[in-house]
Amino acid sequence: MIIAIDGPSGAGKSTLAKRLARELGFTYMDTGALYRALALKVLRQGVDLADDARLAALLGSTAIDLREERGKLVVLMDGQDVAGDIRTPEVSQMASKVSALKSVRARLLELQRDLGKRGSVVAEGRDIGTVVFPAAEVKIFLDASVGERARRRNQELCADGRAAQLAETLREMEERDRRDSERDLAPLCQAADAVRVDSSAVDAEQVAVIVLNLVNQRKARKNYRDRS
């Protein structure tokens, strides 16, 4: 079974996906981490996104993988775990930019589908249910108000020792929302058969209960069809 969770930054996708994977014994796939890892390499090497030749060379020479070790997500970029380096605002903004490029999306789409072949997965991102796994058995579009999402993100940054002004975090989030939703290639949008869940006024536990109930209903329905 594939569970696809889409939604904007800060809606709680990672928290929900990790919880579902743990509860169900599925593999957790943070597709955003793939784009972030690539964005980190772009920043480190100073690649101009308008330089097609250098970008193509970077795509062809970069190995990215996701693994779980002792319950933690390991993000490997050229064999190095960069999970702790890809959550900065700078990387977030660059990830949004590289994800709008056709060559990048084609390369990472192939990688995501290969990861999905490893077994039952919970995948989260921005086009999982619309592009990456359009036949996923369960599709969730997790949303929240931009103000609430900015507040959560600001708390995360401060907790990590990276002081941030809420107004600046809100501005960056609004800019990323606009870029992700308006891009021509695989824009952020709700799949027609996805269930929308608004997490603005509910905590992570309540969201998990709602989605787990839906998953169990779909599993029971699938098992009934298989027996029939």
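An open sheet of 5 strands runs in the order S2-S6-S1-S7-S8, with parallel pairing. Strands pair if DSSP finds at least two bridges between them. Strands (E, at least two residues) and helices (H or I, at least four) are DSSP runs, numbered from the N terminus. This is a predicted model: local features need pLDDT of at least 70, side-chain atom pairs count only at pLDDT 80 or more, and totals for chains, interfaces and linings use all residues. Residues are numbered from 1 along each chain as its sequence is written, and side-chain values use heavy atoms, with hydrogens and water left out.

**The open sheet**

- The edge strands are S2 (27-30) and S8, and each pairs on one side only.
- Neighbouring strands of this sheet are turned by 20 degrees against each other on average, direction ignored. Axes are lines fitted to C-alpha atoms, for helices over the stretch in contact, and angles run from 0 to 180 degrees between N-to-C directions.
- Strand S1 (residues 2-6) runs parallel to strand S6 (residues 121-125), and 5 bridges join them.
- Asp-6 has Gly-125 in S6 as its bridge partner.

**The hairpin**

- Strand S3 (residues 64-69) pairs with S4 in the antiparallel sense over 6 bridges.
- Arg-67 stands opposite Val-74 in S4.
- S3 and S4 form a hairpin with 2 residues between them. In the turn, Arg-70 has a positive phi of about 55 degrees.

**Positive phi in loops**

- Most residues other than glycine have a negative phi.
- Asp-78 is not a glycine, yet has a positive phi of about 55 degrees. Asp-78 lies in the loop between strand S4 (72-77) and strand S5 (80-81).
- Asp-78 is partly exposed, with a relative accessible area of 38%. Buried means under 20% relative accessible area, exposed over 50%, and partly exposed in between (1.4 Å probe, protein chains only).
- Ala-186 also has a positive phi, near 50 degrees. Ala-186 sits in the loop between helix H8 (166-182) and strand S8 (195-198).
- Ala-186 counts as buried, at 14% relative accessibility.

- Helix H4 (residues 89-98) is largely enclosed by the rest of the structure, because 7 of its 10 residues are buried.
- The buried residues of H4 are Val-91, Ser-92, Gln-93, Met-94, Ala-95, Ser-96 and Val-98.
- Their cover includes helix H2 (31-45), helix H5 (102-116), helix H7 (146-159) and H8. Contact means heavy atoms within 4.5 Å.
- Arg-176 lies in helix H8 and counts as buried, at 9% relative accessibility.
- Not counting residues up to four places away in sequence, Arg-176 touches Ser-9, Arg-36, Ser-92, Gln-93, Ala-95, Ser-96 and Arg-126.

**The nonpolar core**

- The largest nonpolar core has 58 residues. Such a core is a set of buried Ala, Val, Leu, Ile, Met, Phe, Trp, Tyr and Cys residues joined through side-chain atoms within 4.5 Å.
- Ile-3, Ile-5 and Leu-20 have the most contacts inside this core. H2 gives the most to this core, with 8 residues.
- Leu-20 touches Ile-3, Ile-5, Gly-25, Val-122, Val-211 and Leu-212, not counting residues up to four places away in sequence.

**H2 against H5**

- H2 and H5 pack at an angle of about 135 degrees, with their axes 11 Å apart.
- That makes H2 oblique to H5. Angles under 35 degrees count as roughly parallel, over 145 as roughly antiparallel, 65 to 115 as roughly perpendicular and the rest as oblique.
- From H2, the contact is made by Thr-31, Leu-34, Tyr-35 and Leu-38. From H5, Val-104, Arg-105, Leu-108, Leu-111, Gln-112 and Leu-115 take part.
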